[in-house]
Amino acid sequence: MLPADDLPAVLRYLATGAGLDPAALPDLPEDAEHADTGPDLAEIRGQERAKRALEVAAAGGHGIFFRGPPGSGKTMLARRLPGLLPALDFPEALEVTRVHGAAGRLPAGQAMLRDRPFRAPHHAASRAGLLGGGAPPRPGEVSLAHRGVLFLDELPEFDRGTLESLRQVLEERRVVVARAGGSFVFPADFQLIAAANPCPCGYRLSQQRDCRCTDAAVARYRQRLSGPLLDRIDLHLGVPAVAWRELLDVRPPGEPSGAVRARVVAARERQQARGAPLGVRTNAELPDAALDAMVDASAESRALLGRAVEKLRLSARGARRLLRVARTIADLEGEARVEAPIMAEALGYRRDEVDA
Ligand SMILES: Nc1ncnc2c1ncn2[C@@H]1O[C@H](COP(=O)(O)OP(=O)(O)O)[C@@H](O)[C@H]1O
Ligand SMILES: [Mg+2]
């Protein structure tokens, strides 16, 4: 890539092959800094467990699924994920700008997008709106969320076919829109955060109200989410409503997003150093074949995982997800090895899937 001041400079370069200098690429100040304009984690009272899970998700690039009653703060938590992620670097900012440009969504007067995208499409959005398509083909929400966060609130309300396609997008990290004249490829490398009520009425986990749902209705509601999609989300968390007393509490606010982000950035640097030979940036992307070599798990932590696999009847995929999450927790803690307490924390983000 070469920077040019104006069109005549480009034409001169094309004619003569000279006059443009790659070293003149501008350094973005945002490369090192974060604008910190979004909502802050400090505004969330209590929910220490959910906040920790959000930090782990941010650090390892893991998908996260919150299940809890209305008003428990799921949306509030989701909106704070972009603020925990490192600032976009220059190549990423270019990619994001290109996708939004292709969608005709660049804000007037803004040449370059600098913030990580946060997209929260409604469950009634069209398939093309979500995944991309139309004539001429345009990127959908999954691509507008590229290098950022895709939030799917009320996940069971989304169309099943669309969720199945989403599973494929999560794997390929891009969308191919086929057309008679050729196909269009849009990038779609986003971090997924999803939320759902625990049951149709919403109050199954709540202490404030009684749940009115029958067991059969709850089972039907859960079945709307395909196993294979949930199986590709690394962290699962039940989010109980915070008691009013705690919400009114005058304790000092919690840790600000910037402080958490500093730990996330440090953990990501460790992952990048480790994953570079594989072209992998985050633990969430670690290929199955590389897991044993990359996740240095102690014998004790492996035994713990083995017992959990039996007890929770985890699939092989589920067990591998746990290894990736455990690696991320170790990276947050600055630990070279995954020891048993770290594995135990990772297991906690899986158990909710069974209990909640
Ligand atoms: N832990 C919390 N700390 C501070 N405010 C909260 C908390 N949980 C809920 N709230 C308040 O309740 C409102 C609803 O939260 P929301 O995130 O929309 O819940 P959900 O998405 O789970 O239905 C928020 O706008 C906020 O004012
Ligand atoms: Mg909500």
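Let me start with Arg 327, which is found in helix α14, where a helix is a DSSP run of H or I with at least four residues, a strand is a run of E with at least two, and both are numbered from the N terminus. Please keep in mind that this is a predicted model, in which local features need pLDDT of at least 70 and side-chain atom pairs count only at pLDDT 80 or more, while totals for chains, interfaces and linings use all residues. Residues are numbered from 1 along each chain as its sequence is written, and side-chain values use heavy atoms, with hydrogens and water left out.

Arg 327 has a relative accessible area of 1%, so it is buried, a word that here means under 20% relative accessible area with a 1.4 Å probe and protein chains only. A polar atom of the Arg 327 side chain lies 2.8 Å from the backbone oxygen of Glu 335. Not counting residues up to four places away in sequence, Arg 327 touches several others, among them Arg 274, Asn 283 and Val 338, with contact meaning heavy atoms within 4.5 Å.

That brings us to Asn 283, which lies in the loop between α11 and α12. Why does Asn 283 count as buried? Because its relative accessibility is 2%. The side chain of Asn 283 also makes a polar contact with the side chain of Arg 274, at 3.5 Å; such a contact is a pair of N or O atoms within 3.5 Å, where within protein one must be able to donate a hydrogen and the other to accept it, and residues adjacent in sequence count only if both atoms are side-chain atoms.

Ser 301 is found in helix α13, residues 299-312, and is buried, with a relative accessible area of 0%. The backbone oxygen of Val 338 lies 3.1 Å from a polar atom of the Ser 301 side chain. Leaving aside neighbours within four places in sequence, Ser 301 is in contact with Val 338, Glu 339, Ala 340 and Met 343.

Finally, let us turn to the largest pocket. Where does the largest pocket lie? Domain 1 (41-248) and domain 2 (286-355) both give residues to its lining, so the pocket lies between them, the domain bounds coming from an automatic or database domain assignment. Helices α11 and α14 are among the elements that each supply at least two residues of this lining, and the largest share, five residues, comes from α11.

Terms used: Chains are lettered from A and ligands numbered from 1 in the order in which they are written. Buried means under 20% relative accessible area, exposed over 50%, partly exposed in between (1.4 Å probe, protein chains only).
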